[in-house]
Amino acid sequence: MFGSRVWFPMRSTSHLVLAFVVLLASGCAVTEPGPEGSDTAPLAELVLEDDGLGDVLLGVPPETVIAEISALFGEPDHDSDWIVSEPNIYGSCPGSEMRAIGWGSLLTIFIRDGANRLGGWFYSYSYGYDYSENVGGFDPRGLRLTTAAGVGLGSTVSDLTDAYGSDLTVDGNTELDVWSFRIAGTEIRGLLSGREESDTVTLIELATGCG
């Protein structure tokens, strides 16, 4: 199954905003991007794509994803193990069970159903929220991952506009001060610190994330 491409429908940006509001309500802190100058160079092998992480495509078994990423970053910092797919800190995933495994603020999400309990597959990812430390908007491991267009945590709204032009849409709620972006024609979306040109990207994920 490795190398096969699995596509999922886009979900409303409102799910992203709602999920983030729930995180804020539960006491999750949002911090600024980590300091520059990390010794860890960006990894071309792990570009944030809309069909996976570089060559690690959606739909492959968990063991494959864990092995590929661990070969680059070492053992994961966070592993929820298989839990019931119901509303929780990760959202509400499809299937009967889900599993979240993270390296710093890079979180990979796997799902499986009752008829395939020993299997499961790579469903989605998010980059920018560290579940092991319960904080968001920074890169504790200095992974410095980016999209194919070079956008990563700390990139500005101006950078997003330069990279994606008219494909970029910024939405938000002024009263809640919660802002998000999405890229037309892709599954990539994320959160912003605001909508001004100097505001920054605090989360990048796939629209297939658990709403």
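This is a predicted model: local features need pLDDT of at least 70, side-chain atom pairs count only at pLDDT 80 or more; totals for chains, interfaces and linings use all residues.

Me: How many salt bridges are in the whole structure?
Reply: The search finds five. One of them joins the side chains of Arg141 and Asp77, at 2.9 Å from N to O.

Me: Where do Arg141 and Asp77 sit in the chain?
Reply: Both are in loops. Arg141 is between β11 and α3, and Asp77 is between α2 and β5. The two are 64 residues apart, so call it a link between distant parts of the chain.

Me: Is Asp77 buried, exposed or partly exposed?
Reply: Partly exposed, at 41% relative accessibility. Arg141 is partly exposed too, with a relative accessible area of 24%.

Me: What does Glu97 pair with?
Reply: Glu97 forms a salt bridge with Arg112, and the closest N and O atoms are 2.7 Å apart. Glu97 is in strand β7 and Arg112 in strand β8, so the bridge ties together parts 15 residues apart in sequence.

Me: And the burial of that pair?
Reply: Glu97 is buried, with a relative accessible area of 10%. Arg112 is buried as well, also at 10%.

Me: Which residues does Gly120 touch, beyond its neighbours within four places in sequence?
Reply: Val60, Pro61, Pro62, Trp82, Ile111 and Arg112. Gly120 lies in the loop between β8 and β9. Gly120 is buried, at 11% relative accessible area.

Me: New topic. How many disulfides?
Reply: The count is one. Cys93 and Cys210 form it, with their sulfur atoms 1.7 Å apart. Cys93 is in the loop between β6 and β7 and Cys210 in the segment after β15, so the pair ties together parts 117 residues apart in sequence.

Me: Left- or right-handed? Buried or exposed?
Reply: The link is right-handed, with 95° about the S-S bond. Both Cys93 and Cys210 are buried.

Me: Last one: α3. Which residues are buried there?
Reply: Val157, Leu160 and Tyr164. Seen down the axis, the buried residues of α3 fall within an arc of 55°, so they line one face of the helix.

Me: What do they pack against?
Reply: Strands β12, β13, β14 and β15. After α3 comes Gly165, with a positive phi near 55°.

Terms used: Residues are numbered from 1 along each chain as its sequence is written. Side-chain values use heavy atoms; hydrogens and water are left out. Buried means under 20% relative accessible area, exposed over 50%, partly exposed in between (1.4 Å probe, protein chains only). Helices (H or I, at least four residues) and strands (E, at least two) are DSSP runs, numbered from the N terminus. The arc is that of the directions from the helix axis to the C-beta atoms. Contact means heavy atoms within 4.5 Å. A disulfide is a pair of cysteine sulfur atoms within 2.5 Å. A salt bridge is a side-chain nitrogen of Lys or Arg within 4 Å of a carboxyl oxygen of Asp or Glu.
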